[in-house]
Amino acid sequence: MAGRRVVVFPSSVELGPVLAHLVTSRAEKAIVSHGRFTLGLSGGSLVSMLSKELLAMPDLDCSKWVVGFCDERLVSFDDPESTYGLYKSQLFSKVNIPDSGILTIDPSLSVNECAEDYTCKLKKAFPDDDFPVFDLLLLGMGPDGHTCSLFPEHPLLEETKKIVAPISDSPKPPPQRVTMTFPVVNSARSVAFVSTGGSKAAVLKEVLEGREGPALPAARVVPTNGELFWLVDEPAAASLTIQVERLVSGAKL
Ligand SMILES: O=C1O[C@H](COP(=O)(O)O)[C@@H](O)[C@H](O)[C@H]1O
């Protein structure tokens, strides 16, 4: 597929620094171009890898970053399932992102109100866009092929109007979440999936090489005008037969 780069690393040890460099290089470019860097974060296994690798970057300056969440679980910020809560303790408390630059959900609201409230926050942060155009979205993929909180065979896969949607029946706990929709994901200037470990091998093959039946959610991420990276380790890539790039540490994307 044109514009998609599948990049395989021996392990997350080599992948991590390349991911951090991707983030900071897209940040520099965005700040030169339009004065700020808008970053969408996912939860799950990404949180600890990204936090560790960004904190290891020399002279990290996040003062012009605006950070949102690709999806968020509707739990209080001190719940171990809260994606914001995890980033707060592992990253935000240690870098200079202004509080006003961190766009959080309001977990005290009902799931529908929460999605509306988060939609308003994104519209305010992106007043010129019909669908927010993030400079970079970092995505994960579950072993079922979900990304954000967009799950296989769920009606939300067909959402075309909303920026943020509520979900009350997430098959992965917790059941109540809010999620960016595909129109937002596919409007981004850059999208990078991070997928590691042998538990992702079978689904990664289906997502990247196709399958019988409807495309899995992660396969529906095809940025309209943006670049798409799949950063994976050897165990996750073990079943792939497509051509991939193999990189080691020090590589730059
Ligand atoms: O529930 C979620 O899962 C996905 C994938 O997580 P991973 O631990 O398998 O990498 C994550 O991207 C999403 O943000 C999260 O809410």
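## Basis of the description

Residues are numbered from 1 along each chain, following the sequence as written. The model is predicted, and local features were taken only at pLDDT of at least 70 and side-chain atom pairs only at pLDDT 80 or more, whereas totals for chains, interfaces and linings use all residues.

## Overall build

The protein has 7 helices and 10 strands, where helices (H or I, at least four residues) and strands (E, at least two) are DSSP runs numbered from the N terminus. Its C-alpha atoms fill a box of roughly 45 × 45 × 35 Å along the principal axes. A compact globule of 253 residues would have a radius of gyration near 18 Å, and the 17 Å of the protein agrees with this; the radius is taken over C-alpha atoms, and the globule rule is 2.2 Å times the number of residues to the power 0.38.

Of the 253 residues, 43% count as buried, a residue being buried if 20 or more other C-beta atoms, placed from the backbone, lie within 10 Å of its own. Among the contacts with a separation of 6 or more, 78% join residues 24 or more positions apart, with a contact defined by C-beta atoms, placed from the backbone, that lie within 7 Å.

An open sheet of 7 strands has the order 3-2-5-8-9-1-10 with parallel pairing, and its edge strands, strand 3 and strand 10 (245–246), each pair on one side only. Two strands are taken to pair if DSSP finds at least two bridges between them.

In strand 8 (residues 190–195), 6 of the 6 residues are buried. In a regular strand the side chains alternate between the two faces of the sheet. Both faces of strand 8 are covered, with Ser190, Ala192 and Val194 buried on one side and Val191, Phe193 and Ser195 buried on the other. Strand 8 is joined in parallel to strand 5 (residues 136–139) by 3 bridges and to strand 9 (residues 227–233) by 6 bridges. Strand 8, helix 6 (residues 201–209) and strand 9 form a right-handed β-α-β unit, meaning that, with the strands pointing away from the viewer, the path from the first strand over the helix to the second runs clockwise.

Strand 2, helix 2 and strand 3 make another right-handed β-α-β unit.

Helix 3 (residues 83–90) has Thr83, Tyr84, Gly85, Leu86 and Tyr87 buried, and its buried residues pack against strand 2 (37–41), helix 2 (46–55), strand 3 (65–69) and strand 4 (71–73).

## The ligand shell

The ligand is surrounded by 13 residues, of which the closest are Ser42, Gly43, Gly44, Ser45 and Gly140; a residue is included if its C-beta atom, placed from the backbone, lies within 6 Å. The shell divides into 4 nonpolar, 7 polar and 2 charged residues, with Ala, Val, Leu, Ile, Met, Phe, Trp, Tyr, Cys and Pro counted as nonpolar, Asp, Glu, Lys and Arg as charged, and the others, Gly among them, as polar.

Conventions
Buried ≥ 20, exposed ≤ 12 C-beta atoms within 10 Å, placed from the backbone. Contact = placed C-beta atoms within 7 Å.
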